[in-house]
Amino acid sequence: MTALRATALLTLAALAAGCQSAEDGTEPAAAPATSASTAPTGTAAPTPSESPSAVTAANTDEVCRAVDKLILTGSKKIVADSADATRDEATNEELDARLKRTLAGLADDVREQASRAEDPQIEALITSTAKQLDAGARSASPVKWMSATFVNIPPKLARECRA
């Protein structure tokens, strides 16, 4: 097994383990709510109609859950593809091609969810995630991209993609 394959497998195994909370049904911790007491002096506190939760669209939770599921499923596919590439004694280029195809497909699926989002902030967040996945699919080294960027996507979605 080459060093690249070993690195890919370790990175992907860690990635899959990091996504397990979405699979077991536990919800990520919600972002702390801001309160009027934390508003800077001379700044009016937001009214209830201006708070983020008051303008969150009805389908936000559904869309966020769908994106979480897509990321988890994509992570598992990446791990399986990497294991298959190692078993098949694929070249580094073949492994890269498999990862790029999977990332491109995942980006398309995530983009589809973005188009469903009724909340403009959630739509922007998910569209940005799809663009990140597109960048990974175009990366010269998707394994390096994954260990530097992909691993940060699930925690960011857990923090920011909630009703």
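A crossing of two helices is left-handed if the near helix is turned anticlockwise from the far one by less than a right angle, and right-handed if clockwise. The model is predicted: local features need pLDDT of at least 70, side-chain atom pairs count only at pLDDT 80 or more, and totals for chains, interfaces and linings use all residues. Residues are numbered from 1 along each chain as its sequence is written, and side-chain values use heavy atoms, with hydrogens and water left out.

**View 1. Helices H4 and H6 cross in a left-handed way.** Helices (H or I, at least four residues) are DSSP runs, numbered from the N terminus. The axes of H4 (residues 60-87) and H6 (residues 120-138) come within 11 Å and cross at roughly 15°; axes are lines fitted to C-alpha atoms over the stretch in contact, and angles run from 0 to 180 degrees between N-to-C directions. H4 and H6 are therefore roughly parallel (angles under 35 degrees; over 145 is roughly antiparallel, 65 to 115 roughly perpendicular and the rest oblique). Thr60, Val63, Cys64, Val67 and Ile71 of H4 meet Ile122, Ile126 and Leu133 of H6, where contact means heavy atoms within 4.5 Å. Seven residues of this contact are nonpolar, one is polar and none is charged (Ala, Val, Leu, Ile, Met, Phe, Trp, Tyr, Cys and Pro count as nonpolar, Asp, Glu, Lys and Arg as charged, and the others, Gly among them, as polar).

**View 2. Helices H4 and H5 make a contact.** The axes of H4 and H5 (residues 92-116) come within 10 Å and cross at roughly 170°, which makes the two helices roughly antiparallel. The contact of H4 with H5 has twelve nonpolar, four polar and seven charged residues.

**View 3. Several residues of H6 are buried.** Among them are Leu125, Ala130 and Asp134; buried means under 20% relative accessible area, exposed over 50%, and partly exposed in between (1.4 Å probe, protein chains only). The cover over the buried residues of H6 includes H4, H5, H7 (142-148) and H8 (153-160).

**View 4. Ala114 lies in helix H5.** Ala114 counts as buried because its relative accessibility is 2%. Beyond its neighbours within four places in sequence, Ala114 is in contact with Glu123, Ile126 and Thr127.

**View 5. Glu89 sits in the loop between H4 and H5.** Its phi is near 55°, a positive value in a residue other than glycine. Most residues other than glycine have a negative phi. Glu89 is exposed, at 68% relative accessible area.
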